[in-house]
Amino acid sequence: MTDLTSLLAFRWSPRSFDPVAELTRAEVATLLEAARWAPSVGNRQPWRFVVGHRDDEIFKRILVNLPPDEQRWAGRASILLLAAHCQTGHPFAAYDLGQAVAHLTVQATALGLHVRQITDLDRGGLVADLDLPGDVRPYVAVAVGQLGDPFSLPADLLAEETSLRHRRPLAELVMGCAGATA
Ligand SMILES: Cc1cc2nc3c(=O)[nH]c(=O)nc-3n(C[C@H](O)[C@H](O)[C@H](O)COP(=O)(O)O)c2cc1C
């Protein structure tokens, strides 16, 4: 089997972000450009993003709408993005948004950055606090930054941060195709 491209092999989702590292405007623009070029059903491009830089007002408004457990680490990220999609009645909008975030994540890896996503959001709170249009649905928060010191995390998160990552074996995810993964 051929090795994975290094961008995928090196990607992982930490919680130990460097609490002083900042992203440049150019880096943020590159991340969004990667999302912009994602494929989507009918090229509808239903993804929308709100960008908060650590300690600015938008960052605080995204952070406060995360569960307290997630706030413990997400507040250290350099940026918090709210990733949302337009509610056009199209059933694949969330799928398309996921592809856009995946593109963004790979681009972040290319920039030496890390990403962790958060689905547990107060969506109503975000709509109100960020004054979002009624047809835009908040979907995930995306924390982006540089890797920091895992030992600065609370003990329970440190344990998770340093544990082995697991995946199902390849043979388990290819159904009805004996030999396809050999
Ligand atoms: C859509 C999505 C939602 C996620 N939500 C959370 C979350 O709410 N809290 C969290 O700590 N991690 C969250 N994660 C991170 C996953 O737990 C992580 O990607 C998974 O454990 C695999 O680890 P890896 O990304 O390092 O390969 C989320 C990831 C995705 C893709």
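So, first thing: this is a predicted model. Let's start with the helix lying across the sheet, H5, residues 93-110. H5 lies across S1, S2, S3 and S4, and against S2 its direction comes out at about 150°.

Now the sheet itself. How many strands form it, and in what order? Four, going S1-S2-S4-S3. The sheet is open, with antiparallel pairing. At the edges sit S1, which is 47-53, and S3, which is 114-118, each pairing on one side only. From one strand to the next, the twist averages 25°.

There's another helix on the sheet, H2, residues 25-36.

If you want to zoom in on one strand pair, take S1 and S2. S2 covers residues 79-86, and the two pair antiparallel over seven bridges. As a landmark there, look for Val-51, which stands opposite Leu-81 in S2.

Okay, on to the ligand. Which residues surround it? Going along the numbering, you've got Trp-12, Ser-13, Glu-70, then the run Arg-116, Gln-117, Ile-118, Thr-119 and Asp-120, and finally Val-140 and Arg-165. Which element gives the largest share of that shell? That's S3, with three residues, and S3 is one of the edge strands we just saw.

Notes: Residues are numbered from 1 along each chain as its sequence is written. This is a predicted model: local features need pLDDT of at least 70, side-chain atom pairs count only at pLDDT 80 or more; totals for chains, interfaces and linings use all residues. Two strands pair if DSSP finds at least two bridges between them. Axes are lines fitted to C-alpha atoms, for helices over the stretch in contact, and angles run from 0 to 180 degrees between N-to-C directions. Two residues are in contact if their C-beta atoms, placed from the backbone, lie within 7 Å. A residue is near a molecule or strand if its C-beta atom, placed from the backbone, lies within 6 Å of it.
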